[in-house]
Amino acid sequence: MASLIEIDRYNWIPLSVTSLSACPCRPLWKKTLRLTRRCSKVSLGIVFDGSNGIYRVRSNGFLANRRLITAVARAESDRLGEDNAKEDVFMGHTLPMKEDSAQEHRQKVSQLRKRVVFGLGIGIFVGGVVLAGGWVFTVFLAAAVFVGSREYFELVRSGGITKGMTPPPRYLSRVCSVICALMPILTLYFGQIDVSVTSAAFVVAMALLLQRGNPRFAQLSSTMFGLFYCGYLPCFWVKLRCGLAAPALNTRIGGAWPILLGGQTHWTVGLVATLISISNIIAADTCAFIGGKAFGRTPLTSISPKKTWEGTIVGLGGCIATSVILSKVFSWPASLLSAIAFGFLNFFGSIFGDLTESMIKRDAGVKDSGSLIPGHGGILDRVDSYIFTGALAYSFVKIILPLYGV
């Protein structure tokens with residue numbers, strides 16, 4: 001039941017209005033008014049929707065010196081007595097300005113500013129690490145893998161996931177994080193990781209089976225997936241960046257590269273493929289976000305409700321376009337078809353990794369995997385698109401492209 005109140009614009013405080021009713025057996029609105037200034041004339045009209053009567057009270061003896069406005073207070077029948085109305089009306093026009101919405105807008109702007117600043121800083125730093133290659137690239141990747149694996153096992157232990165499964169013991173999750181961090185280093189040192197991964201999986205499985213209490217299959221499956229997801233897959237970036245050492249002789253940038261930084265031989269197929277792959281992922285995420293905001297209508301999947309088919313298609317186009325442009329800049333891959341296929345493969349790995357991490361977070365009941373990076377969340381939130389892409393990119397360059405595409 002809504003009420004419409006017309007009164008001169010004054011400061012007012014609660015006072016019983018039931019005394020204004022012509023009939024004491026009909027209590028009126030519980031909200032009360034008291035005028036704090038006298039005026040010569042005042043007209044107070046109270047109208048109740050759905051009632052049979054209209055109650056009006058007229059009084060003299062007050063001095064009016066302010067303009068008349070109309071204040072509309074709408075409340076549901078079960079919410080009578082609420083202090084704030086949803087909208088303020090001044091001279092018949094709605095005033096949409098609200099302190100809460102303004103504060104929320106400022107928070108969004110501040111969050112976006114943090115994302116841009118830290119995103120640019122991370123991009124420049126990662127670009128330098130990729131250019132350096134070797135042990136610099138591998139050690140940085142190992143550190144990121146360690147933090148990401150810790151975030152993964154914390155997600156596994158969260159309340160949303162533990163309702164349906166038994167998480168691995170904490171000591172074992174910490175050991176697995178260390179093993180995952182050692183995998184990229186072993187990959188660089190030995191050139192391959194298969195034996196190390198198999199040995200690590202065997203040791204972890206025996207530790208789970210021989211633990212006290214009642215070992216559960218959920219502990220084994222979540223731990224094995226952690227070794228694969230956080231340890232084994234990132235190693236392909238080491239194999240891609242440092243393992244493909246054939247020089248990209250046709251790269252024009254390599255001809256002007258300083259001798260002190262390695263000269264032309266520094267620009268290998270692995271370096272060019274890594275730069276193109278990372279750039280494709282960034283272009284895919286950016287174009288998908290912009291396309292989803294502008295044209296997004298059809299949800300892509302229930303795993304991530306904000307993703308749309310329209311944004312996905314725009315992201316795919318941006319990824320392929322970036323791959324083709326950079327292939328002309330670096331003169332690799334040699335053919336247009338190879339560049340398009342490489343861009344499509346990078347986009348597929350990017351979207352698959354993003355959805356996989358979204359599924360884990362959804363089951364865990366959290367928005368971000370961590371809070372390490374202001375405005376971005378945790379490490380997994382930033383590298384989820386890269387986890388599967390490295391393996392696909394390496395397989396494409398190593399197996400499909402003849403002679404590494406040179």
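Predicted model: local features only at pLDDT ≥ 70, side-chain atom pairs only at ≥ 80, totals over all residues.
**Helix packing and a buried threonine**

Good morning. At 1% relative accessibility, T223 counts as buried, because the cut-off for that class is under 20%.

Where does T223 lie? The residue belongs to helix α6, which covers residues 217–232. As for its surroundings, leaving aside residues up to four places away in sequence, T223 touches F153, P168, C176, V204 and L208.

I turn now to a pair of helices. Helix α2 spans residues 134–156 and helix α7 spans residues 235–243; the two pack at an angle of about 170°, and their axes are 10 Å apart. Angles over 145 degrees count as roughly antiparallel, and α2 and α7 are therefore roughly antiparallel to each other. Which residues meet in this packing? From α2 there are G134, F137, T138 and L141, and from α7 there are W237, V238, R241 and C242. By class, the residues of this contact comprise five nonpolar, two polar and one charged.

Finally, the annotation. An unreviewed UniProt entry lists residues 116–147, 189–210, 222–240 and 336–355 under "transmembrane region". Two of these spans may be set beside the model. Residues 116–147 are 97% helix and 0% strand, with the end C-alpha atoms 22 Å apart. Residues 336–355 are 100% helix and 0% strand, and there the end C-alpha atoms lie 29 Å apart.

Note on methods
Residues numbered from 1 in each chain as written. Heavy atoms only, no water. Axes fitted to C-alpha atoms, helices over the stretch in contact; angles between N-to-C directions. Helix = DSSP H or I, 4+ residues; strand = E, 2+ residues; numbered from the N terminus. Parallel < 35°, antiparallel > 145°, perpendicular 65-115°, else oblique. Contact = heavy atoms within 4.5 Å. Nonpolar A, V, L, I, M, F, W, Y, C, P; charged D, E, K, R; others polar. Buried < 20%, exposed > 50% of the residue type's maximum accessible area, 1.4 Å probe, protein only. UniProt positions renumbered as here; feature names shortened; annotations may be inferred.
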